[in-house]
Amino acid sequence: GLPIPETVFIENRADAERAARTLSYPAVLKPSVKSATWQAITDAKAFPVADADELLDAYDRVSGWCERF
């Protein structure tokens, strides 16, 4: 009976754009698996996003750090 937030998997910019249009906010962008690159660049577990623009900005900034969000 607990509410579960919607989950969307993002593997590319088109997925991120679709997610930006369909998710409710606030949301978080987090890697499905923290790659060695992710861990070398940040200690963050996820990035909070307040709206679609922030989601796309965050995706563009971190998309090279892992393959799937």
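**View 1. Asn 12 caps the N-terminal end of helix α1.** This is a predicted model. A side-chain oxygen of Asn 12 lies 3.1 Å from the backbone nitrogen of Ala 14. The helix that Asn 12 caps, α1, spans residues 13-22.

**View 2. Asp 15 is a buried residue of α1.** Is Asp 15 buried or exposed? Asp 15 has a relative accessible area of 16%. That value is under 20%, so Asp 15 counts as buried. The side chain of Asp 15 reaches the backbone nitrogen of Glu 11, at 3.0 Å. Leaving out residues up to four places away in sequence, Asp 15 touches Phe 9 and Ile 10. Ile 10 is also among the residues with the most contacts inside the largest nonpolar core.

**View 3. The buried residues of α1 line one face of the helix.** Four residues are to be found here: Asp 15, Ala 16, Ala 19 and Ala 20 are buried in α1. Seen down the helix axis, the buried residues of α1 fall within an arc of 140°, so they line one face. Which helix do they pack against? The partner is α3.

**View 4. Leu 55 contacts residues from several parts of the chain.** Neighbours within four places in sequence are set aside here. Leu 55 is then in contact with Ala 16, Ala 19 and Ala 20, among others.

**View 5. The largest nonpolar core has 18 residues.** Those with the most contacts inside this core are Ile 10, Leu 29, Trp 38, Leu 55, Tyr 59, Val 62 and Phe 69. Two helices, α1 (13-22) and α3 (52-62), each supply at least two residues. So do two strands, β1 (27-29) and β2 (47-49). Which element gives the largest share? It is α3, with five residues. In soluble globular proteins, nonpolar side chains tend to be buried together.

**View 6. A cis peptide bond joins Tyr 25 and Pro 26.** Omega is about 5° at this bond. Pro 26 lies in the loop between α1 and β1.

**View 7. The largest pocket is lined by 17 residues.** About 370 Å³ of space lies in this pocket. Nearest its centre are Glu 6, Thr 7, Val 8, Leu 23 and Val 28. Strand β1 gives the most to the lining, with three residues.

Technical notes
Residues are numbered from 1 along each chain as its sequence is written. This is a predicted model: local features need pLDDT of at least 70, side-chain atom pairs count only at pLDDT 80 or more; totals for chains, interfaces and linings use all residues. Side-chain values use heavy atoms; hydrogens and water are left out. A nonpolar core is a set of buried Ala, Val, Leu, Ile, Met, Phe, Trp, Tyr and Cys residues joined through side-chain atoms within 4.5 Å. Buried means under 20% relative accessible area, exposed over 50%, partly exposed in between (1.4 Å probe, protein chains only). Contact means heavy atoms within 4.5 Å. A polar contact is a pair of N or O atoms within 3.5 Å; within protein, one must be able to donate a hydrogen and the other to accept it, and residues adjacent in sequence count only if both atoms are side-chain atoms. The arc is that of the directions from the helix axis to the C-beta atoms. On a 1 Å grid over the protein atoms alone, a cavity is a set of points where a 1.4 Å probe fits but cannot get out, and a pocket is an open set with protein on both sides within 12 Å along at least five of seven lines; lining residues have an atom within 4 Å of a point. Grid points are joined across faces, edges and corners, and a volume is the space filled by probe spheres set on the points.
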